[in-house]
Structure formats: structure tokens, C-alpha cells
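Hi there,

Here is the structure I promised to send over. Have a look at it first, and then read my notes below.

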Amino acid sequence: MDRSIESRVNHEVENWLRWITRWRPATHRGRARLCRQCFGSPIIASAGLAVDVPHVVQHALSMRMKIVIDASVDEYTELNLPRLAHELNLSERRESAQAYRPAEGLDPEFRGLDLDPQPAADAPYLFTFTELADQHLPAGQSPPPPVAESDSAEHEHSVPAPSDPLPPLTPAEKRALKAEMQLADEFATRVGLRVCAQLAQQRPRLLTAIAQFVEPQVQALLVDLGSTLDSPLWPRNP
């Protein structure tokens with residue numbers, strides 16, 4: 001851990017605190033299922049945001065902490081786990097060449113959310129981002145041209161083309177790769193514990209931001225909702 005995990009967490013907390021001042025509650029659609037990134041997350045619990053906080057607010061912080069953990073694990077893998085790093089880099093290059101990935105490049109508060117809103121019966125989609133992501137090639141992309149015979153010797157020892165299958169691993173390589181994956185998982189757990197500990201120290205600032213910028217908007221929504229609801233038990237206005 002060459003760079004301080006704590007300093008990275010503090011940096012992302014500062015980004016979240018700036019973002020929360022611009023947050024507004026969404027009213028266009030609800031969420032059909034629980035977010036696996038946030039529900040029961042020790043990160044959210046350590047930050048003190050597990051109860052009575054809108055999911056989007058939780059998700060924005062959770063994904064920023066995921067950036068910290070992923071970046072630390074990637075650095076550790078590149079420096080200490082060469083076989084795993086090679087497999088991950090090769091797999092990422094092939095996936096990037098073969099598929100359209102609309103979820104990449106999003107701001108942290110949007111990562112991990114559904115790509116498409118819930119469908120409406122009277123407004124069918126011509127296409128969805130999920131459908132595009134499931135395609136083998138991006139829309140409009142043609143297969144790569146064949147290599148000329150004169151160039152075959154030059155590319156003989158180059159990286160396999162994206163359409164070529166990955167070479168199978170030997171039993172020894174599989175054991176070594178499994179051992180490195182275990183080391184990466186253990187390192188990720190240690191980083192996660194440090195992230196949670198640092199968030200616990202930042203909890204007062206996080207809760208203050210919730211009370212100042214989030215809670216008033218939630219209360220305003222509840223008041224507006226209560227003024228528009230009508231109950232059979234309430235006397236109707238003439």
C-alpha cells in the first residue's frame with residue numbers, strides 16, 4: 001500500500017460532500033430491486049448512512065469507496081501478482097474489443113445502477129442499453145480484416161486477435177492463478193477494513209451533510225405527498 005488508503009478515502013469523501021450539495025431527489029421512477037452494492041454494505045454502515053438515507057445518496061458514497069478499493073487492489077496485483085495481472089489485462093483487452101459497455105465512464109453515483117429505466121406499457125423502447133451491451137460487437141462495427149500472408153510472420157508472436165480463443169491453462173498455471181486470486185481477495189479485505197475504519201472517523205461530517213442537504217428535501221417531499229393524498233377516513237373538502 002504505497003499510497004495512503006486513508007488519504008484516498010478522505011479525497012473521495014470530499015468529492016461526495018461537494019456532490020451532495022447539488023443532489024435533488026428523483027421523481028421519474030422507482031427501483032425494482034435491491035442494490036447489491038449498498039444493501040447490507042459494511043461501508044454504508046460504517047459511514048452511518050444505513051438508515052433513513054435515500055439510496056442514491058448511499059450509492060454515490062459506496063461507489064466512490066469501491067473506486068478506492070479497486071484502485072488499491074489493481075496496484076497490488078500489478079506489483080505482486082504477475083500471472084493474475086496478465087490474465088486480467090488480456091481479458092479486459094478482449095472484452096473491450098468485442099462488446100459495447102455503456103456502464104463504463106459514468107460518474108460514481110451512477111455506477112452499478114440499472115442501465116435502463118423500467119419499461120412503460122404505452123412507451124416501448126426501440127432499443128435498450130442492456131441489449132446493446134449484450135451484443136457480440138458494437139453497433140456498426142465490422143469484423144477485423146484478415147491479415148495478409150506477407151504480414152503473417154511479423155504478427156506470429158504478437159498478442160492473439162480478439163476473436164481467437166484464449167489458450168488453455170495448464171494444471172500448474174491454474175493452481176498458481178488460484179493462489180494469486182486468493183492473495184488478491186485477502187488484500188481487498190484488508191483494504192476494505194481500512195476504508196470502513198476511516199469512514200467511521202468521517203461519520204460526523206457525513207451525517208452533518210445529510211442533515212443539511214438531504215433531510216430538508218426528503219421532509220419537503222413527505223409534506224407535499226401528505227397534502228395530495230386522500231383517505232376514505234378523512235373528511236372531504238367541499
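What follows is a short tour of the fold, the confidence, the core, the charged pairs and the cysteines.

First, some ground rules. This is a predicted model, in which local features need pLDDT of at least 70 and side-chain atom pairs count only at pLDDT 80 or more, while totals for chains, interfaces and linings use all residues. Residues are numbered from 1 along each chain as its sequence is written, and side-chain values use heavy atoms, with hydrogens and water left out.

**Overall fold.** The protein has seven helices and zero strands; these are DSSP runs (helices: H or I, at least four residues; strands: E, at least two), numbered from the N terminus. Of its 238 residues, 27% count as buried, where buried means under 20% relative accessible area, exposed over 50%, and partly exposed in between (1.4 Å probe, protein chains only). Contact here means heavy atoms within 4.5 Å. Among contacts between residues at least 6 apart in sequence, 83% join residues at least 24 apart.

**Confidence.** The average pLDDT (the predictor's confidence in each residue, from 0 to 100) is 79, and 68% of the residues score at least 70. Where pLDDT is low, the predicted coordinates should not be read in detail.

**The core.** A nonpolar core is a set of buried Ala, Val, Leu, Ile, Met, Phe, Trp, Tyr and Cys residues joined through side-chain atoms within 4.5 Å. The largest one has 34 residues, and Trp 16, Val 195 and Leu 199 have the most contacts inside it. Helix 1 (5-20), helix 2, helix 3 and helix 7 (171-228) each give two or more residues to this core, with helix 7 supplying the largest share, 11 residues. Leaving aside neighbours within four places in sequence, the contacts of Leu 199 include Val 9, Val 13, Ile 43 and Met 65.

**Charged pairs.** The whole structure holds six salt bridges, each a side-chain nitrogen of Lys or Arg within 4 Å of a carboxyl oxygen of Asp or Glu. In one of them, Arg 194 pairs with Glu 6, with the closest N and O atoms 2.8 Å apart. That pair links helix 7 to helix 1, across 188 residues of sequence. Another joins Arg 64 and Glu 12 at 3.4 Å, N to O. Arg 64 lies in helix 3 and Glu 12 in helix 1, so this pair ties together parts that are 52 residues apart in sequence. Arg 64 is buried, at 9% relative accessibility, and Glu 12 is buried too, at 11%. Asp 70 and Lys 66 form a salt bridge at 2.7 Å; both lie in helix 3, four residues apart, about one turn of the helix.

A search of the whole structure finds zero disulfides. Cys 35 is buried, at 5% relative accessibility, and Cys 38 is buried at 5% as well. Finally, Asp 52 has a positive phi, near 60 degrees, in a residue other than glycine. Asp 52 sits in the loop between helix 2 (42-47) and helix 3 (55-80) and is exposed, at 71% relative accessibility.

Best wishes

Notes:
Disulfide = S-S within 2.5 Å.
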